[in-house]
Amino acid sequence: MSQLIFERSVPFRRAVRFDTCDVPEVKLDEKYVRLSKARLPEVSEVDIVRHYMELSRYSFGVDNGFYPLGSCTMKYNPKLNEFAASLEGFTSIHPDQALSSIPGTVELMDKLSLSLTEITGMDAFTLQPAAGAHGEFTGLLLIRAYHKAHNDNKRTKVIVPDSSHGTNPASASMAGYTVVSVPSNNEGGVDVEALKAVLNDEVAALMLTNPNTLGLFDPNISEIARLVHEVGGLVYYDGANLNAIMGTARPGDMGFDVVHLNLHKTFSTPHGGGGPGSGPVGVKSCLVPYLPQGTLIKEAYGYRYIDERDTLSIGRMRSYYGNFLVNVRAYTYILSLGCDGLKSASQNAVLNANYMMNALKDTFPVAYPQTCMHEFVISLAQLKKETEISAKDICKALLDYQMHPPTMYFPLIVHEALMIEPTETESKESMDNFIQVLKDLKQLAYDDPQKILNAPYTTPVKRVDDVQAARNPILKYQFK
Amino acid sequence: MADYLSNTPDQQVQMLKEIGLNSLEELYANLPQDLILQKPLNLALGQSEFSVFDTLKDLSSKNKVYKTILRGAGVEHHYIPSVVKQLSNREEFVSAYTPYQSELSQGILQSIFEYQSSMCEITGMDVCNASVYDGATAAAEAIQMVIEKNRRKILVPKNIHPQVVSVMRTYTQWLNVEIVDVECRDGVVDMDDLKSKCDDNCAALFIQHPNYFGLLEDVMDISQVVHSTGAKLVQYTNPMTLGYLKTPRANGVDIAIGEAQPLGIPMSYGGPFLGFMAASADLVRRLPGRIVGQTVDENGKRAFTLTLQAREQHIRREKASSSICSNQALMALTASMYLASVGPSGLKEVSEHSMRKAHYFANELVKLGFKLKYSGPYFHEFVTVSPLENTVIERVLDEINVLSGLSLSSHETLWCCTETIKKEDIDRVVNRLKEVIV
C-alpha cells in the first residue's frame, strides 16, 4: 500500500508559501509560545498531489461503481450540485453577516424549508441539525419540551422497534429517556399487540422508520400513530427511507409529529467518505414553539433566527444555522427534479429494488417476500449452514468485482442479512451484472468454497485484522 | 427535468413486466390507499440544468461578498490553497460512503488516520477522533468524556464563545449534569472564583484559549488548580493558533477540542464545519464518534480500519454515550490536506501573521481614540471600546467593502485579523474611520 504523508516528508520541503509579513513583529511572553514546531508533513505540492491521487485510487465512491448499501441510499451525486455549492456568494459569507446583506441565502433557506414541508406533509422545518442522528436528538428534545410545556412530566419512555437503526435508541438516551424495545411481527412491521402492551401515559414517543429498515411499508402505520396519540404520546419519523415514497406518500399524512430527513441520502448530497451530511427536522405546528435557536423564521417585518428571547426553544443544537453548503446541494436537487422528478425518482427506486428482489428470490431467501419498497433483505443463513460461507464472506468476494457490497448484518433481526438498495439512478445492466455475480458466487460457495474464503484477491489489502486494531490501538502516526 | 435516471421508460416497462406489474403506481398497491397522494406535490416541475444553475447564480449574486473581513469569533477567512480545493473535490472521496469495508476504502481510512495524526501533532495529544459536526458539539460531546458518578459539575468561564456554551447546555438539559459559570476578571478566568468553585464534585473546567475576547489565558496555572481537585481540564481552541502557541498538552490540558474551520474550509455561512476532539491516551475509550486505527492484513501488510467501534451507537445502541453516526470526513480530509500544504512552517506563519496583523491594527485603532477593553495579552483577536457607535462603524466600512468586527454591544467590537489582511487594507480602514471620527 501507499506511504503515509508523514513518510514522504523531507526536511524544509514546502508546498504553499506566504508573502513576507508587512507589519511589525510582536513578541509574546515565552510562556505562551510553542516550544517546537509541529511535526506536520514537509512536502512539495507535487508530493501532495501524488499522495492524494494515490489515496483516491484506493477509495471507492458511487462514481466508481455500484453501491447497493441498504439504508444508505447511495444514489448518484449530481455534479451541478457541486457547482452550485461552490458559488462564491454562498461559500465566502461569514455566518455573523447581517441577514440584510445576504437575501439570496435567506431566500434559499426559506424555499428549501418550504419545499421540505411540502414533500413531507409537515408544517415547519429547521435546517440546523448536521446529520440524521443529530436530527433525531433534536426531534426528541422537541418532544420532551412539548410534554414539559404541558406539565406532563411522567413520560420517561421512548419506544423503538427492534429493527431500528442504532442512532434511534442512542438519541433517546441522550434526551434522558429510557428505551423500550418493541418486536416486529412476521410481516416485518410493528407488532401492534405488543405495542399496545407497552403504551401508557409514561410513553413520550414512538420512533419509527417507514418504510422500515427491512424495506417494508407498515400497513398499520395510521393505526399505530393513532394508538400513540391516544395515550398522549408523539410519533417520530426517522426519514432515512424517504427515498421510497416521495411524491406518493408523506409522513405528515401518516400521523407523524416530527420527522428528520437525511439530505445525504434522499436528496443526493454526497456522503464524502462519512460526512458531512445534513439532517433537517420537520414538525407539525404543535412543536413549532420549541424549535432550536438558529432556525430561520419569517415574521411580519422580515426574517430572523430563533434566539435566547424565544424562551420555549429547546436551545441551540450546534453553532450557527446548519450545514448550509450541503443544504444548497439539496435545494439544487429539488429544483432540478421538481415535483415530477422527485416522484419518478422514488418510483424507480422501488422498481429497481423489486426488480432485483424478483431476480434473486430463487437464489437466496428474501427475509420478507412481498412487494418491497426501495430496499430488501436477503438471508444467507441457509448458505452458511450448508457451505460455511457467510454473508461477510460473500461481501469479501464481491470486492473483486468493482462494486461495493450491500449492507451486512443489519437489521439485526435477520440472520446473515444482506440489505440491498440499488436506488433509482442505477441502470438495468448494472443491476443485472450484480445479480449474475451473486448467482455465480452462490454456485462457487457449493463448488469451491475455499476460493471464496480466500477472497478478496484484487484489493490492496486483504482481510484486515480488526481484532488486533482494537486490542492494540495505534491511532496516530508513530514518529521514529 | 433532470432526474438522473439511467433506465428509459421502455426499460422501466420491461422491468415492470418481469415482476408482473403494469405501472409504477402498482408498486404501491400494498400501501393503505388513503395515504396515496392524489395530486402532485405543490412544487414546480423539474427544470433543466441550465435553468437551475441560473437560479442558483442569481441567488448567490444577491449576497454581499466582502473583500476584507475583520470578523472572526471562531469562523475565519484564511487563504485556501488551490491544491486543497482541487484534490478535496475528487469524486472518489466525495462520493464514497463511510469506510466500513476496509479493503475497499484504504484511501479514505488512511486520510482519516493522517488527519488524526496531524491534529495530535498540533495539539500535542495522544489520540484524536475522526471528527464531529463542529466545535460547539465537540464541547457538548466532551462533557460525556469527563463526567463520573460523583463528578457531575462542569465549570464554564464567561469568556467562552456563547454559542458553544449554549450547545453544552442544550445537550445536558435532561441529564444529571450541572453547568456552573466561572467569573472573569479583565476578560480572563478569575482564579479566585475558579478556586472557590473547583471542588471534588467537579468533572472538568472548560476554558477557551485564546478566549472569546482573543485574550491569552494562563493555562498552566489553571491546570494546576483544576488537577489539584482531581478534575479534568478541557481546552476549546482555534487549531490555527497552535502553529504559534504552546500545545494544550504542554499546558497540562486533558482534552483539546474546537472548531477547525480555519484549516482550509471556507466560511460557508456556518457549515459544514469540523469539530475536532483530541485527548490524552487514558481517555481514548471515552472518545465519541469514529476512530481509525492502524493494523495489518492477513499478509502482514499495513492496513487501516475503523476501530474501537464498541463505543459507538451501532453496537451499544441506547448504552452508547453519543448517538453520533457520521463524522465530517470530507472536511477532515480538507483540513489534513491544508496542514500538509502549509506544513509546520506555513502553519506557524499563518498563525504568527494573523497575530501580528491584529496587533498592528489594534495599535492603529488606539491611536484613533479606540480603547482596548482588556489589558492582558491577546493573539489574533481583540475587543475595542470605540468613540463611534458600532452601527456607524459597520456602515462606513461596508461602504468600502469591509466587513467590520463582531458587534458585542453598542460600542464594543470583537476584531479578528488573519494572514489575508494586508497592511494597506488596515491602513485604508483606519483612514476611513479617522475621517468619520473627525
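Trainee: In what order do the strands of the open sheet in chain A run?

Mentor: Strands of a sheet pair through backbone hydrogen bonds, either parallel or antiparallel. In this predicted model, the open sheet of chain A has seven strands, ordered β1-β7-β6-β5-β4-β2-β3. The pairing is mixed.

Trainee: Which strands stand at the edges?

Mentor: In chain A, β1 (124–126) and β3 (178–182) do. Each has a single partner strand, so one side of each lacks a neighbour in the sheet. From one strand to the next, the twist averages 25°.

Trainee: In what sense do β5 and β6 of chain A pair?

Mentor: Parallel, over three bridges. The strands are β5 (residues 234–238) and β6 (residues 258–260). A:Tyr237 stands opposite A:Val259 of β6(A).

Trainee: Which helix packs on the sheet?

Mentor: Helix α5 (residues 132–149) of chain A. It touches β2 (157–161), β4 (203–209), β5, β6 and β7 (281–283) of chain A. Its direction makes about 170° with that of β5(A).

Trainee: Now the interface. How many residues of chain B are in contact with chain A?

Mentor: In chain B, 179 residues contact 199 residues of chain A. The buried area is about 16,500 Å², with 63% from carbon and sulfur atoms. On the chain B side, B:Glu103, B:Trp174 and B:Tyr269 lose the most area, together 6% of what that side buries.

Trainee: How many salt bridges does the rule find across the interface?

Mentor: Nine. B:Asp134 forms a salt bridge with A:Arg318, with the closest N and O atoms 3.8 Å apart. Helix α11 (residues 329–368) of chain B gives the largest share of the chain B side touching chain A, 24 residues. By class, that side has 87 nonpolar, 58 polar and 34 charged residues.

Definitions and conventions
Residues numbered from 1 in each chain as written. Chains lettered and ligands numbered in written order. Predicted model: local features only at pLDDT ≥ 70, side-chain atom pairs only at ≥ 80, totals over all residues. Heavy atoms only, no water. Contact = heavy atoms within 4.5 Å. Buried area = accessible area lost by both parts, 1.4 Å probe. Salt bridge = Lys/Arg side-chain N within 4 Å of Asp/Glu carboxyl O. Helix = DSSP H or I, 4+ residues; strand = E, 2+ residues; numbered from the N terminus. Nonpolar A, V, L, I, M, F, W, Y, C, P; charged D, E, K, R; others polar. Pairing = 2+ DSSP bridges. Axes fitted to C-alpha atoms, helices over the stretch in contact; angles between N-to-C directions.
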